[in-house]
Amino acid sequence: MSNPGITVYGTYWCPDCRRAKKFLGEQFVEYHWIDIEQDKEAEEYVLRLNNGKRIIPTILFPDGSFLVEPSNVALGRKLGLRTRARMAYYDLTIVGGGPAGLTAAIYAAREGAETLLIERSGLGGQAGLTTGIENFPGFPEGITGQEFAERIVQQAVRFGVEILQAQEAVFLCCDQSYHCIKNSEDEHHHSQAVLIATGASYRRLGVPGEEEYLGAGVHFCATCDGPFYKGAEQVVVVGGGNSACEEGLHLTRFAKRVTLLVRGEKLAASQILIDKVTEPGSRIEIKYKTVVEAFEGASSKLKSVRIRNLESEQASELHPAAAFIFIGQEPNSEFAKGYVETDPYGYILTGHDLIDGREPAPGRPPMSFETSVPGIFAAGDVRYGSTKQVAAAVGEGAAAALMIREYLKTV
Ligand SMILES: Cc1cc2nc3c(=O)[nH]c(=O)nc-3n(C[C@H](O)[C@H](O)[C@H](O)COP(=O)(O)OP(=O)(O)OC[C@H]3O[C@@H](n4cnc5c(N)ncnc54)[C@H](O)[C@@H]3O)c2cc1C
């Protein structure tokens, strides 16, 4: 979707401005950003539009209309996104429009199930935001995340999946014999079965340049993006836990030197990993008590990482080919917590993981991909034990849809 001519007026510190810009970015909508603290004329314009009030974000559209502090739903409607369901009741509601959710939707709708998919932001999920996917079978030259997302969405629409955007599931409940999902606008969607495919989010550092150079030198997945840096002199890894150590070791296959930036005074990983990372001859150098202050670049590419030593307060710069951030990942399962069983980190337990080592529960055992609540399934990155890759999420979406088909035969 291309909408040149949209202007977002705001300030860099305003959280609602960041949310609106993120939402537009996730919809691949072009916009012009003006920081009204840096532009007096723009500030006066915003004051004029809002009867003397300094309300931000104020978003101006090419037809001359404007929205003030819009919710994602209001912004979605203005962009022409479908935000209201056609029917009151569906066979299947899928929460999350990433690779897992969209694949499940294709399978279910193709078999004739009335399928509703709700997505809070951009379709394609994490995969849609990726600059390039090189390890998905069938695309020998790789494919951009945007094109990949557009292709799956087209396929889902072709089979009659109803897709709603700017719809955040906030609550899951049971209404008589069917399941019910409440969205942030207090609307309810009812269905026989539900698939939770809400993925996970990488924790961000929240420093300047992190969003700007995402996919252009700043990365969150070494398996996915490490091979781009074959032969690089240096890459940086931020974090000191198990995943930072594992991914750092993995990156030594590509880069000549890996610099681990650790906030604490020691690594917080398993002893085996610590031994591997610190063994003589390891190509990993560790900077303890070090934080990243900013990512800086030129021509849309990361050029330097500004760091600071917390002990000496000394600031310095590194010039790696790339920086990989591994400070944890959080499953997007908040809305389902307390309703379906999760592990202590919030990843949703399904199938065998609910049975292993426990007394048999009354009733039938959960099917594969089924959660602790019959009829509610989970697939993809949000599921406990998932492997956090596009191909795996697609496979889980397909397998979950086939299980849901079996479930629908019983109700
Ligand atoms: C920068 C980056 C690069 C990557 N590169 C690769 C790669 O090259 N190869 C590879 O195999 N993997 C890659 N990955 C990993 C891959 O993208 C994920 O494993 C995959 O997208 C997971 O799919 P999913 O459908 O389970 O979840 P997601 O892709 O996370 O999709 C979940 C969707 O659910 C939505 N959602 C969440 N909560 C709610 C809610 N409450 N209501 C409504 N909607 C909600 C989210 O907005 C999101 O769109 C990359 C990941 C990142 C972040």
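This is a predicted model: local features need pLDDT of at least 70, side-chain atom pairs count only at pLDDT 80 or more; totals for chains, interfaces and linings use all residues.
The model contains 28 salt bridges. E26 forms a salt bridge with K22. The closest N and O atoms of the two side chains lie 3.0 Å apart. Both residues belong to helix α1, which spans residues 15–26. They are four residues apart, so about one helical turn separates E26 from K22. E26 is buried. Its relative accessible area is 11%, and the cut-off for burial is under 20%.

A further salt bridge joins K289 to E265. Here the closest N and O atoms are 3.4 Å apart. K289 sits in the loop between β15 (284–287) and β16 (290–298). E265 sits in the loop between β14 (258–261) and α9 (271–278). The pair therefore ties together parts that are 24 residues apart in sequence. The two partners fall into separate accessibility classes. K289 is partly exposed, with a relative accessible area of 22%. E265 is exposed, at 61%. The cut-off for an exposed residue is over 50%, which is why E265 is classed as exposed.

E285 and K287 also meet through their side chains in a salt bridge. The N to O distance is 3.9 Å. This value falls within the 4 Å limit, so the contact counts as a salt bridge. E285 is partly exposed, with a relative accessible area of 28%. K287 is likewise partly exposed, at 27%.

Salt bridges also occur as a network. Four residues take part: E37, K40, E43 and R54.

In general, strands of a sheet pair through backbone hydrogen bonds, in either a parallel or an antiparallel manner.

The pairing of β17 with β18 can be given in detail. Strand β17 covers residues 301–309. Four bridges join β17 to β18, and the two strands run antiparallel. Within this pairing, R306 stands opposite E317 of β18.

Technical notes. Residues are numbered from 1 along each chain as its sequence is written. Side-chain values use heavy atoms; hydrogens and water are left out. Buried means under 20% relative accessible area, exposed over 50%, partly exposed in between (1.4 Å probe, protein chains only). Two strands pair if DSSP finds at least two bridges between them.
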